[in-house]
Amino acid sequence: MMEHEKRLRNIQLGLTGSGRTPIAFDVGLITGSHSLAQWMAHEFNHNFDEYDRAIDAVYNSTHVGGSSYHHLLDGQHSIWGAFQAVRDVKADDSFATEVLQAGEHLLRDTASVSGINPFFSLTSQQFQQVAHIVQPFGLSKPFLADALTINGPELLGGMIALLSTLLVGKKLDPSCVSKLSGAYLISSIASANPMLFPVAAGGLVYSLSKSENKKEALIQGGKGAIVSGSSLLIGGLVGGPIWLGCIAAIGAALAISYSLDHPEKAFMRIKDMIKPTASILRKVSLSLG
């Protein structure tokens with residue numbers, strides 16, 4: 001495991017925990033996304049004025065949730081919480097100014113590594129209760145926090161997925177949307193991307209409702225899930241630089257997708273590939289005998 005992944009796994013939330021090691025998922029599975037998030041945070045996530053200080057006031061005074069996850073727990077990084085925080089900054093501010101200042105701060109905080117949840121915040125106790133519920137499924141607290149917030153790479157990934165789903169749905173058979181959505185579904189779970197998950201779910205619903213052969217649509221969705229899951233597994237197993245894992249994941253995805261769509265051709269190709277090896281092994285066996 002790379003060093004930055006180990007550090008990410010051990011992020012301190014300012015919350016007590018059971019000490020149990022997560023089994024199924026963890027934050028940082030998609031290392032390329034994390035690297036992009038770090039770059040975006042460095043370039044865009046900066047504070048400038050008294051409106052920023054007002055929204056960050058709770059964290060600056062209490063440090064609730066730690067520096068990485070206070071956006072979810074301090075109560076001032078949802079749309080309503082940020083608006084409430086800037087209302088008393090200047091007595092003569094208009095409603096529009098307050099809304100714009102709150103929104104602008106949240107937009108910059110979306111570029112942070114941890115991201116934000118624009119719709120709601122949790123208290124530390126509420127987060128503990130939810131974490132206790134999902135813990136038997138092997139979900140860690142960092143993974144849970146990531147699933148409840150959205151950052152720049154997740155937003156970008158969700159938008160690209162939505163665009164590709166719309167294009168495929170407009171030009172090709174609806175069952176193709178099912179295959180794409182199946183792949184997105186696994187990716188959204190592995191990367192804890194709350195933006196990608198509804199796109200995947202919506203694509204599956206659309207495919208099932210529009211396809212004449214619903215069984216085929218389900219099969220295609222399963223194929224997409226297998227391709228995505230396999231490529232993520234291969235990419236995670238390959239050591240070395242991130243780009244090497246990405247190449248391995250893409251290669252695995254292409255090979256597995258072809259094999260699922262053309263099983264007979266794939267079998268014949270594999271058979272042709274192992275013929276020389278089988279011949280050599282046979283000669284070695286005969287010589288040893």
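**View 1. Helix α10 and its span.** Helix α10 covers residues 152–171, and at 1.5 Å a residue its 20 residues should span 28 Å; the end C-alpha atoms are 29 Å apart, which agrees. The expected span is 1.5 Å times one less than the number of residues. Helices are DSSP runs of H or I with at least four residues, numbered from the N terminus. The buried residues of α10 are G152, P153, E154, G158, A161, S164, T165, V168 and G169. Buried stands for under 20% relative accessible area, exposed for over 50%, and partly exposed for what lies in between, with a 1.4 Å probe and protein chains only. The model is predicted: local features need pLDDT of at least 70, side-chain atom pairs count only at pLDDT 80 or more, and totals for chains, interfaces and linings use all residues. Residues are numbered from 1 along each chain as its sequence is written, and side-chain values use heavy atoms, with hydrogens and water left out.

**View 2. Helix α12 and its buried face.** For the 15 residues of helix α12 (residues 196–210), 1.5 Å a residue gives a span of 21 Å, and the end C-alpha atoms are 21 Å apart, which agrees. L196, V199, A200, G203 and S207 are buried in α12. Seen down the helix axis, the buried residues of α12 fall within an arc of 100°, so they line one face of the helix. The arc is taken over the directions from the helix axis to the C-beta atoms.

**View 3. S178 in helix α11.** S178 is found in helix α11, residues 174–191. With a relative accessible area of 2%, S178 is buried. Its side chain reaches the backbone nitrogen of G221 at 3.2 Å. Not counting residues up to four places away in sequence, S178 touches L204, S207, A217, L218, Q220 and G221; contact means heavy atoms within 4.5 Å.

**View 4. The largest nonpolar core.** Nine residues make up this core: Y69, L72, L73, L122, F127, A131, V134, L144 and A145. Helices α5 (66–73), α8 (124–134) and α9 (141–147) are the elements that give two or more residues to it. A nonpolar core is a set of buried Ala, Val, Leu, Ile, Met, Phe, Trp, Tyr and Cys residues joined through side-chain atoms within 4.5 Å. Another core, of eight residues, lies apart from this one, and A82, A85, V86 and A102 are among its members.

**View 5. The aromatic cluster of W80, F83 and F95.** Ring pairs link these three residues into a cluster. Rings of Phe, Tyr and Trp (its six-membered ring) pair if their centres lie within 6.5 Å; planes under 30 degrees apart count as stacked, over 60 as edge-to-face and the rest as tilted. The structure holds three aromatic pairs. One of them, W80 with F83, is tilted, at 5.9 Å centre to centre and 40° between the planes. Both residues lie in helix α6 (residues 79–86), three residues apart, about one turn of the helix. W80 counts as exposed at 58% relative accessibility, whereas F83 is buried, with a relative accessible area of 11%. The rings of F83 and F95 have centres 5.4 Å apart and planes at 70°, so this pair is edge-to-face. That pair links distant parts of the chain, F83 in helix α6 and F95 in helix α7, 12 residues apart.

How values were computed. A polar contact is a pair of N or O atoms within 3.5 Å; within protein, one must be able to donate a hydrogen and the other to accept it, and residues adjacent in sequence count only if both atoms are side-chain atoms.
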